[in-house]
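Me: I would like to go through one structure with you, starting with its open spaces and then turning to its helices. Here it is.

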Amino acid sequence: MVDPSERPQRVPHSRFENVVALFIGTFAVSFGLYLLKEVGVATGGTAGIALLASYVTSWSFGVWFVLVNLPFFALAIWRMGWRFTVKTLVAVVLVSVFSEVHPLLLEIRHIEPIYATLLGSLLAGIGLIVLFRHQASLGGVNILALYLQKSRGWRAGYVQLVVDVLIVLAAFATLPLPMVLLSVVGAVILNMIIAMNHRPDRYFG
């Protein structure tokens, strides 16, 4: 048995660490989503909804991502507090901005869809972990999953996985079957990363 007094104390992140983490996390997520978009693969959450909307309309992913997330900020303010909400709003805006910048600075002439799905999902999952550890999210399903983990003890990754698979399955209406199957694989990879690495009973901070 470990003496409770010997457990490491939680040390809050500094403001500088939070700012750096927001940039790192959103950059990783946005680049992962850029890879998915380049090969026509969807993902879960509001990012997946925004990707699907960008495939069938003339509006960019960045614009859709902001619009889709707006309704969820009411839940964030109500249950998660203003600090979490402001950080999440900043993260959503940064992902939208980065998603517009990546195509201007990097032109991908060829990338295998399977590789893009694996790498894009890994980057997005790692980026989300960085954001979660610094009390931020990317809105939408992230807010709901974190709220349920905080209030009910449900793993955020598993909550997101269930919702994300449902969203990805909706891609049947706009994407060919191989891309839908890759989308499901990508959603599973992303959420397994979150489920294994964002556990309040295992990690501090």
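Me: Which helices each supply at least two residues of the lining of the second largest pocket?

Reply: These are α1 (15–38), α2 (45–56), α3 (61–69) and α5 (82–105). Helices here are DSSP runs of H or I with at least four residues, numbered from the N terminus. The model is predicted, so local features need pLDDT of at least 70 and side-chain atom pairs count only at pLDDT 80 or more, whereas totals for chains, interfaces and linings use all residues. Residues are numbered from 1 along each chain as its sequence is written, and side-chain values use heavy atoms, with hydrogens and water left out.

Me: Which helix gives the most to that lining?

Reply: Helix α1 does, with 5 residues in the lining of the second largest pocket.

Me: What is the volume of the second largest pocket, and which residues are closest to its centre?

Reply: Its volume is about 200 Å³. There are 14 lining residues, and Y34, K37, F61, S99 and P103 are the closest to the centre. On a 1 Å grid over the protein atoms alone, a pocket is an open set of points with protein on both sides within 12 Å along at least five of seven lines, and a lining residue has an atom within 4 Å of a point. Points are joined across faces, edges and corners, and a volume is the space filled by probe spheres set on them.

Me: How many cavities of 30 Å³ or more are there?

Reply: The structure holds 1 (a cavity being a set of grid points where a 1.4 Å probe fits but cannot get out). The largest cavity has about 170 Å³ of space. Its lining comprises 17 residues, with G44, G45, A47, L128 and N142 nearest the centre.

Me: Which helix has the largest share of that cavity's lining?

Reply: Helix α2, with 3 residues.

Me: Changing topic, at what angle do α4 and α7 pack?

Reply: Helix α4 (residues 73–80) and helix α7 (residues 141–152) pack at about 20 degrees, with axes 10 Å apart. Axes are lines fitted to C-alpha atoms over the stretch in contact, and angles run from 0 to 180 degrees between N-to-C directions. Therefore α4 is roughly parallel to α7, a term for angles under 35 degrees.

Me: Which residues make the contact?

Reply: From α4 they are L75, A76, R79 and M80, and from α7 they are I143, L144, L146, Y147 and K150; contact means heavy atoms within 4.5 Å.

How values were computed. Parallel < 35°, antiparallel > 145°, perpendicular 65-115°, else oblique.
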